[in-house]
Amino acid sequence: WGLGMDKSGPVEIYPAGFENYKFLTYKYANGVIMTEEPFNAEKTKGVKFQGKDGWIEVSRGYYKASSKALEFKMEAESWPYETRIPHQINFIEAVRSRKDPQVPVEIGHRTCTVCTLGNIAYDLRRPVKWDPAKEEFVNDLQADLYMHREYRQGYSLPIL
């Protein structure tokens, strides 16, 4: 959500421990680098945005900035909906009401895809290249094998 690339994804994924990569690293076509690493001594889970004018750290109920110019105060009542009600409850409510959830399904899919790509790079112990428009690996038959599992008897997906 912080990259403004909700309907896209990384183009290269490097697992931690590969060559000089200390952390799981995602590279985007626009040059943005995203890593999975702790951003403070407390190992707070969240995100840290670093730019030429400073940085901000964001997590549920946590916000810290490198300068006063980047600080702001937000009252809990004005926080976005998805921070007040867990996603799984909102999803169940959406199914029951036959309305879209607060976070669109496509965005959830793309978010999960980023995690899956990292896991595949870890499993292969090497970088993978990804085409986010086609949602497929680039010339990598070995990585392609990780995209589908053998289905239990009675379950299948149609071949398109």
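K129 and E12 form a salt bridge, with their closest N and O atoms 3.8 Å apart. K129 belongs to strand β7 (residues 128-131) and E12 to strand β1 (residues 12-14), so this pair ties together parts that are 117 residues apart in sequence. A salt bridge here is a side-chain nitrogen of Lys or Arg within 4 Å of a carboxyl oxygen of Asp or Glu. K129 counts as partly exposed because its relative accessibility is 43%.

The model is predicted, so local features need pLDDT of at least 70 and side-chain atom pairs count only at pLDDT 80 or more, while totals for chains, interfaces and linings use all residues. Residues are numbered from 1 along each chain as its sequence is written, and side-chain values use heavy atoms, with hydrogens and water left out.

The strands come next. Helices (H or I, at least four residues) and strands (E, at least two) are DSSP runs, numbered from the N terminus. Two strands pair if DSSP finds at least two bridges between them. Strands of a sheet pair through backbone hydrogen bonds, either parallel or antiparallel. In this model, five strands form an open sheet in the order β3-β2-β1-β7-β8, and the pairing is antiparallel. Strands β3 (33-36) and β8 (136-137) stand at the edges with a single partner strand each, so one side of each has no neighbour in the sheet. Strand β2 (residues 24-27) pairs with β3 in the antiparallel sense over four bridges. Within that pairing, T25 has T35 of β3 as its bridge partner.

Strands β5 (residues 54-59) and β6 (residues 62-65) also run antiparallel, and four bridges join them. V58 has Y63 in β6 as its bridge partner. The two strands β5 and β6 form a hairpin with two residues between them, and G61 in the turn has a positive phi of about 75°. A salt bridge also involves E57: its side chain meets that of K48 at 3.6 Å, N to O. E57 is buried because its relative accessible area is 3%, whereas K48, at 31% relative accessibility, counts as partly exposed.

How many salt bridges does the structure hold? There are six. Another of them joins D140 and R126, whose closest N and O atoms are 2.8 Å apart. D140 lies in the loop between β8 and α4 (141-144) and R126 in the loop between α3 (105-124) and β7, so the pair ties together parts that are 14 residues apart in sequence. D140 counts as buried because its relative accessibility is 10%; R126 is partly exposed, with a relative accessible area of 21%.

The interior can be described through its nonpolar side chains. In soluble globular proteins, nonpolar side chains tend to be buried together. A nonpolar core is a set of buried Ala, Val, Leu, Ile, Met, Phe, Trp, Tyr and Cys residues joined through side-chain atoms within 4.5 Å. The largest such core has 14 residues, and those with the most contacts inside it are I13, Y26, V128, F137 and A143. Elements β2, α3 and β7 each give two or more residues to this core. The largest share, five residues, comes from α3. Contact means heavy atoms within 4.5 Å. Not counting residues up to four places away in sequence, V128 touches V11, E12, I13, L117, A121, F137, D140 and A143.

Helix α3 also contains T113, which is buried with a relative accessible area of 13%. Leaving out residues up to four places away in sequence, T113 touches W130 and E135.

The loop between α2 and α3 holds P101, which is buried, with a relative accessible area of 14%. Apart from residues up to four places away in sequence, P101 touches N90 and A94. P101 and I89 are twelve residues apart in sequence and 9.6 Å apart in space, C-alpha to C-alpha.

Helix α2 (residues 87-97) includes I92. I92 counts as partly exposed because its relative accessibility is 42%.

Conventions. Buried < 20%, exposed > 50% of the residue type's maximum accessible area, 1.4 Å probe, protein only.
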